[in-house]
Structures are given as C-alpha cells and as structure tokens.
Amino acid sequence: MRFLDRRNFRIDTNLETELLRLVFQNVYATHSHVEGINFLLRGDAVEEPGVADLVKPILKNIFIQIPSRDPAALQVNFFEKDISLKYSIRE
Amino acid sequence: MRGIHSSSSLYYSPRQKCFEYVEIRIAKQEDHDDLAEIFNRQSEVLTAQFGEFFIAELIAYQNENQKALVAQVGEKAVGLMSISKDIDYQLLAEGFELDQYDNLLRSEFMEAVKDRKDEIVLAQKYEEIDRKREAQIKVLEEKMLTSHWGQRIALQQHVKARETLAKEKMSEYLTNEELYKTLKREDVEQMIDEWLAGFRLAQPGSIFEQEGVKDPEVNCWVMSERDFFLETLTYFGLPKDYISGNGHWHDWAYNKLLERRQQLIRKQPRAKKQTKRSKKFEEKKEEEVKEPESFDLAPLEKAFTKFCQAGPDVRTSLRNIIQQNLQKFVFIFSNENGELMKGRNIDVVDLGEYMKENQISWNPTNWEHISNILHCFGDLKFNQIVTRVMPQDENKKREEMKELKSKTVKKTSAALNVGKDKNQKLLREPSKDHSAQKDKEGATGPVDTEEAKNDLKPPGSPESKLMESPDARNLLSPDTKFTGSPDTKLMGSPDPAKKETDTLVEKYTALVRANEIVEMFSSYEEILEALDKIRAFDQMMTRLGVITEGAAVLKDEVEELKSKEEVEREDELNRRRRDLPENEWRQWCSELADLNSLPMIPPDVHNAIAINLFCIDEKYESRSIDFLEYAFSLFPERDYIILTQPHIVNESILLQSFVQIPKKKNAIFDDVLYIFHKDALLAPLITVIEIILRVILLTIFS
C-alpha cells in the first residue's frame with residue numbers, strides 16, 4: 001500500500017480515510033474470506049521528515065497497532081537465517 | 001539485506017473497521033417488510049409468480065425440513081435464504097454427473113451401491129465367461145459328435161443294438177445254399193438299410209454359426225448312412241467298393257481247392273485217360289474254381305462281427321491295459337539299453353504280438369482288434385511303406401530275407417527282436433487284420449515274400465489268412481495273369497488228381513507273391529495320441545448319451561471327470577466370491593438390478609440441503625457465504641448444499657464458491673446445478689500465502 005501525498009491532491013485526512021475505507025470495502029467484497037489487512041510501517045521511512053505526519057492519522061483511524069515483543073529480531077537477515085517451512089501433507 | 005529497522009511497527013485493520021457486521025439468524029415475521037423491499041427491488045417476477053405474501057409464508061411455515069435465514073445488519077434485514085431438505089435425489093442423479101459426489105448421499109450408502117454395481121458388472125462378466133465356456137463346450141460336443149469318429153461310435157452303438165437280428169438275417173443266407181444263390185446286391189442294400197433304420201448322420205448344428213466358429217474340421221455329411229456304414233466296415237476288413245462287387249468270393253477258389261483236395265485224398269486214384277470224359281471233368285473243375293454270380297455276404301458278416309466286437313468296453317480295456325503296462329509298452333519302442341527311441345516305428349498290425357512278447361496280458365480274443373480300433377476310432381497316423389515283390393525276383397529276395405533273418409536272430413534278444421528294424425518286417429507274416437487294413441488303404445495287399453514259400457497252409461494258420469486277405473481276393477479277377485513258379489509245399493503226392501489241384505495252387509501262389517507288401521508304421525507318440533483320441537471320443541460320447549450300454553469302466557471314468565469338474569467349478573465359484581466389509585446398506589441395495597439407476601433411497605442417507613430462495617442487498621452480497629455456515633449449523637448431518645437456477649441467470653457472488661455440475665447426456669433437466677461442500681468453508685484457512693512475510697509476522701508480532 002502506498003500513500004498519496006494529499007497535500008499535492010488537496011485531500012484532507014477525513015476524505016483520505018474515507019477513500020481508504022471504500023478501497024478496503026471493495027477488497028472485502030471481492031475477497032469475502034479476507035478478515036483483515038496488515039500494514040508494516042518501516043522504521044527508516046518513519047525517520048524521514050514528514051512521513052509520520054502523513055501516514056499516522058490514517059493508521060490511527062483504520063488500523064490497530066500490534067505491539068512488538070522483540071524489536072531486535074527485526075534486524076535479523078531473514079534470507080540468511082535458516083528458516084524452513086514446516087508442513088505436512090494431509091492424507 | 002540486514003533485516004529491517006528496529007523501530008518498524010505493524011498495523012492491522014480488521015474487516016469490521018470498514019465493513020458492517022452481517023449477522024445471520026432465523027427469519028422472523030417482522031423481517032417481512034425489509035425483505036419485501038429488497039425482493040421487489042431485485043425482481044418482480046418472484047412476487048408475480050409466488051404471490052404477494054410468499055415471503056411471509058416462507059417465514060411462517062418453517063419446520064424441521066425447511067428453514068428461512070435472514071442476514072441482518074444493524075436492525076435491518078438485508079438478505080433472505082430459504083433452505084430445505086426436500087430434494088429429489090433420483091432426478092438429480094439421472095440429470096447430472098454426481099457420481100464423484102456420491103450423488104449427494106451418505107458415502108456408506110453409495111459404497112454399498114457401488115459394491116452392488118461391481119457385483120452386477122462381475123456377474124455380467126462371469127455370465128459372459130460362463131456363456132462362452134458353455135458355447136465352447138457345446139461347439140466341442142457338436143464337433144466331436146459330428147466327426148467321423150463320433151459318428152462311427154454312434155453307428156456302432158446303433159448296430160450293436162441290432163447285432164443279433166442282423167446276424168440272424170445273414171445266417172439265413174449263409175446256411176441256406178439255395179437261398180444264398182439268389183442273393184443280390186439290392187437284397188443286401190435293403191438288409192443294411194433295415195439295420196440302419198433310425199440312424200441318421202449328425203449334421204453340425206447352428207451353434208457354429210451363432211458362435212462364429214470357422215473350423216475347417218467341421219463338415220457336413222453328404223454321404224448316405226449306408227455308405228458311411230460300409231466305409232466304416234472297411235476298417236474291419238470289408239473290401240473297398242464291396243457293395244459294387246469288389247472283393248467278393250476271394251476265398252472261394254481256395255476253399256474249393258481244399259475241398260477237392262480232401263476228396264482226392266479220400267478217394268483211390270484212378271488211371272487217367274485222355275478221354276472225352278476227362279475233358280469234361282477238366283472243364284467242370286474250371287467251373288468249380290470260377291466264382292459264383294450271387295452276392296458274397298461273407299465279407300460283410302466278418303467285418304460286421306469285428307466292428308461290433310470292437311466296442312467301448314474293448315477300447316477302454318485296451319487303453320487301460322497299455323496305461324497299466326506303460327513301462328513294458330515303452331520297451332517295444334526301446335533300443336537294446338531300454339531307452340525309448342522316438343524315431344522307432346512299428347507295424348501296428350503286429351502291435352498285439354509285440355505286447356504279448358513283452359508280457360502284457362489281455363483278453364486273447366481282443367488282440368486282433370488293436371489295429372482296427374486304433375485306425376477306426378483313434379485316427380492313428382502312420383507311414384505307409386510298400387514293397388513290391390515280383391515273381392521273377394523271388395529267389396533273389398528269398399536269399400536276401402534268409403540272410404537278413406539269420407543276422408537279426410543273432411543280433412537281437414527275444415524281447416527286442418520285434419519291430420526294431422524295417423527289414424525285419426519283411427520276415428514277419430501279416431495277419432488278417434493287416435491285410436484288411438491294407439485293403440482299406442487301397443493297396444493291392446500285403447504278401448510276405450518269405451511267407452510265400454509257405455503258402456496254402458491249412459485254414460486257421462497265419463498263412464491261410466493270406467488267402468483270406470483282400471489282396472488275395474483280387475487274385476481271381478479277370479485281369480490277373482497266372483504266372484510265377486509253383487510252390488512245392490502241397491506237391492508231395494504223386495497222385496495225378498492232386499497234381500491237378502496243385503497246379504491251381506501253384507497259380508494261386510504265384511499271384512500271391514506278385515503282390516505288394518503294404519505296411520503302416522507308427523511311433524510310440526502316434527499310438528498314444530490315437531489312444532488319447534479314443535479316450536476323448538469315448539468319454540464324450542458317453543457324456544452325450546451315445547454310449548449307453550455296458551462300458552462300466554468308461555462310465556466310471558466319465559463320472560470321475562464330472563466330479564473333478566464339479567470340484568473345479570466350486571473352486572472357481574469360491575474364487576469369485578468377494579469378502580466385502582460390513583455395510584448396513586448392503587442388504588438394502590441387493591435388489592438393485594442395473595448399473596444406471598439408484599436403488600430406492602432411504603431418508604437416512606440424504607446428505608444435502610437445497611437453497612430454494614436467496615436474496616440479499618447488493619451492498620452485502622459479498623457476505624452471502626455467511627448464510628452457508630449458518631445453514632450447515634442448522635442441518636449438521638448434511639454435507640452438501642445445492643442450488644439450481646435457469647442457465648440464463650447470471651452467477652451471483654454466492655455461486656462463485658459453488659461447483660457447477662455437468663449434465664449427463666440426454667438429461668431432461670433444464671436448470672444448472674451448483675453444489676457446495678461443507679468443507680469448502682475451511683478453504684480460506686488453507687490459502688497459500690507468501691512464506692517469508694508469514695514467518696516474519698509470526699516471529700515478531702504473535
């Protein structure tokens with residue numbers, strides 16, 4: 001999901017929220033089994049100037065923040081770490 | 001890449017944040033107005049078709065088989081689904097390819113149905129196998145019955161039943177000389193026809209056409225029963241073309257000679273004068289030797305007697321005696337070391353002699369039938385060897401034979417000196433049967449060159465049989481030339497009358513020597529093959545009831561065979577039985593008789609509910625599937641929910657989760673069928689997602 005620069009489009013926070021809600025409704029209508037939508041806010045993006053003001057109002061209206069248990073784990077290189085998918089075949 | 005920033009955070013937006021919660025519940029009367037508004041908006045057809053209050057009726061008449069569900073958002077009903085358990089499963093099974101969905105019935109029931117259909121298929125398959133087998137047996141029976149050998153057995157059984165009558169009739173002529181002189185061919189033909197009354201040559205039946213059998217060995221009979229009778233008797237010594245006069249009075253001259261000789265020996269010889277009287281006497285002698293003009297019944301009587309004697313009892317006894325003495329029998333075909341020589345052949349006419357020499361004991365009266373039986377009933381294969389012995393070569397041949405004989409006697413032991421060498425055959429004397437067989441084969445007859453020295457022995461001796469042979473019969477034919485050297489065996493008397501007799505004997509003997517030696521050699525395998533054929537035909541004819549009287553051993557053999565076949569049949573039936581797991585519906589399905597229909601379906605095995613009516617506000621159409629979960633919760637024993645709609649109607653969002661079932665060929669059901677299995681509700685839970693993201697989220701934020 002990418003956010004628009006509403007300052008360029010002259011869209012206020014409420015309208016932007018409502019537009020996003022409509023988009024989400026469309027997603028839910030199209031995929032009836034979808035129960036929710038996740039959004040990962042990257043720390044390096046937040047550190048850039050203006051981004052937090054741009055994104056956080058919307059996140060606050062529609063999203064719920066999930067608390068992090070181990071922030072240090074985010075720095076793990078997932079592609080080098082031995083991560084295997086545990087699965088079984090249903091007979 | 002070194003992970004992500006440590007101050008990153010995850011946000012989650014649940015559906016309810018953007019989408020109103022749709023609650024599914026049982027419909028109530030107060031939902032009517034909300035639902036009527038939606039219905040009228042979407043379709044006026046329903047109201048026109050079912051009436052103004054059909055929604056109210058649907059809601060009001062709910063029972064354990066029929067329910068009405070409502071989708072509610074806030075305080076307002078936004079959708080309705082009417083479901084029912086009343087489904088015509090037979091109609092659906094006839095119209096749609098529902099086999100892989102167990103025809104929307106309980107799997108246990110369908111397993112019982114499937115087992116029953118498998119049984120029907122197997123039963124049809126086994127029925128076809130049994131039918132083909134029976135047809136094959138029938139074809140084999142017909143083939144054997146209509147063959148030469150089967151018909152010879154049938155003929156034998158027929159004439160054996162009239163043997164006494166036939167012999168009495170022939171005896172009337174043979175014992176009454178005056179009556180005998182009046183016997184003509186027509187009389188004999190009539191006599192034979194009387195014996196054969198009721199006997200018909202069996203023609204191949206329609207089974208060969210029905211089964212499409214193209215067997216070159218199966219032929220129709222075009223000869224008459226009388227011709228077949230006479231042809232069969234040729235195996236037992238009846239001359240070929242006997243009915244036309246061939247081979248008649250062949251021993252007449254011989255018998256007359258013997259009679260005359262006896263008379264001369266008894267009377268005192270008188271001086272012979274060449275007077276008119278003596279000339280008349282000479283002419284009279286010639287007339288006596290000339291054969292009578294009446295029909296000769298003796299060959300027929302002899303062949304007929306032999307044919308009747310070679311019955312199923314004798315044939316079975318022959319088979320068994322060889323089977324019981326197989327080691328001794330093999331010895332006949334063995335070399336000096338007792339090893340069976342496959343290439344060794346013997347003259348079958350002498351087989352009885354060989355068997356006797358090898359201590360194989362049998363009824364003495366039956367030995368003479370061996371050759372006839374093997375040829376007539378066993379179709380014995382043989383190599384025919386013809387040796388011509390001309391009168392002028394007699395002395396040379398005699399010396400050769402003498403030399404060979406002396407060599408052979410030195411070389412071979414008593415047990416092995418028979419049938420081992422083709423040359424040895426020339427040293428043995430042929431028997432009656434041999435002559436008969438040779439005549440059957442159209443040869444002029446077997447005459448041993450060595451035996452020619454000893455011709456005209458008293459009747460009953462092997463030598464005398466030469467004269468009774470069909471070959472000797474031909475000696476008196478008009479074409480025969482009286483040439484050759486006289487034999488001296490009977491010429492010891494100086495009596496002039498006897499000299500005259502001996503002159504005739506001389507002529508006779510010369511002709512005997514001038515004939516051919518025809519021998520039929522068969523190997524061990526060929527003889528066993530013939531015996532097998534005799535066994536097969538005798539057993540088959542007993543089964544078919546052609547052989548009815550006597551032959552107790554044969555009947556025992558057949559009974560034993562039948563009991564073996566019954567045991568094999570039972571084993572096969574046991575192998576066909578299937579051990580199936582217990583199923584409470586097996587008995588129910590046992591009356592199913594065809595593969596295309598279902599048995600009567602008990603309510604306990606119904607496994608589907610049907611959507612009779614469905615309507616929802618377009619805004620909440622994406623939540624249509626929420627009805628299904630609730631519907632299954634109302635009827636937890638059902639696994640399928642189905643919906644039928646005309647093919648011209650567009651698929652709703654609800655139907656996107658359903659499976660459309662293809663129609664069967666020639667189906668008369670117009671609507672399209674959609675089905676949904678309860679387990680499909682779990683489909684979102686097994687959706688494949690991107691593994692890395694999933695791992696990240698679970699690791700950090702769970």
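**Reading salt bridges in chain B**

Mentor: In this predicted model, the side chains of B:Glu217 and B:Lys143 meet in a salt bridge, with 3.3 Å from N to O. The pair connects distant parts of the chain, 74 residues apart: B:Glu217 lies in the loop between H10 and H11 of chain B, and B:Lys143 in helix H5 of chain B.

Trainee: What is a salt bridge?

Mentor: Side chains of opposite charge can pair when their charged atoms come close. The term denotes a side-chain nitrogen of Lys or Arg within 4 Å of a carboxyl oxygen of Asp or Glu. Helices here are DSSP runs (H or I, at least four residues), numbered from the N terminus.

Trainee: Which residue forms a salt bridge with B:Asp215?

Mentor: B:Asp215 pairs with B:Lys143, the closest N and O atoms being 2.7 Å apart. These two residues are 72 residues apart.

Trainee: Is B:Glu217 buried or exposed?

Mentor: Buried means under 20% relative accessible area, exposed over 50%, and partly exposed in between (1.4 Å probe, protein chains only). B:Glu217, at 60%, is therefore exposed, whereas B:Lys143, at 23%, is partly exposed.

Trainee: Where do B:Arg131 and B:Glu128 lie?

Mentor: Both lie in helix H5 (residues 107-146) of chain B, 3 residues apart, about one turn of the helix.

How values were computed
Residues are numbered from 1 along each chain as its sequence is written. Chains are lettered from A and ligands numbered from 1 in the order in which they are written. This is a predicted model: local features need pLDDT of at least 70, side-chain atom pairs count only at pLDDT 80 or more; totals for chains, interfaces and linings use all residues. Side-chain values use heavy atoms; hydrogens and water are left out.
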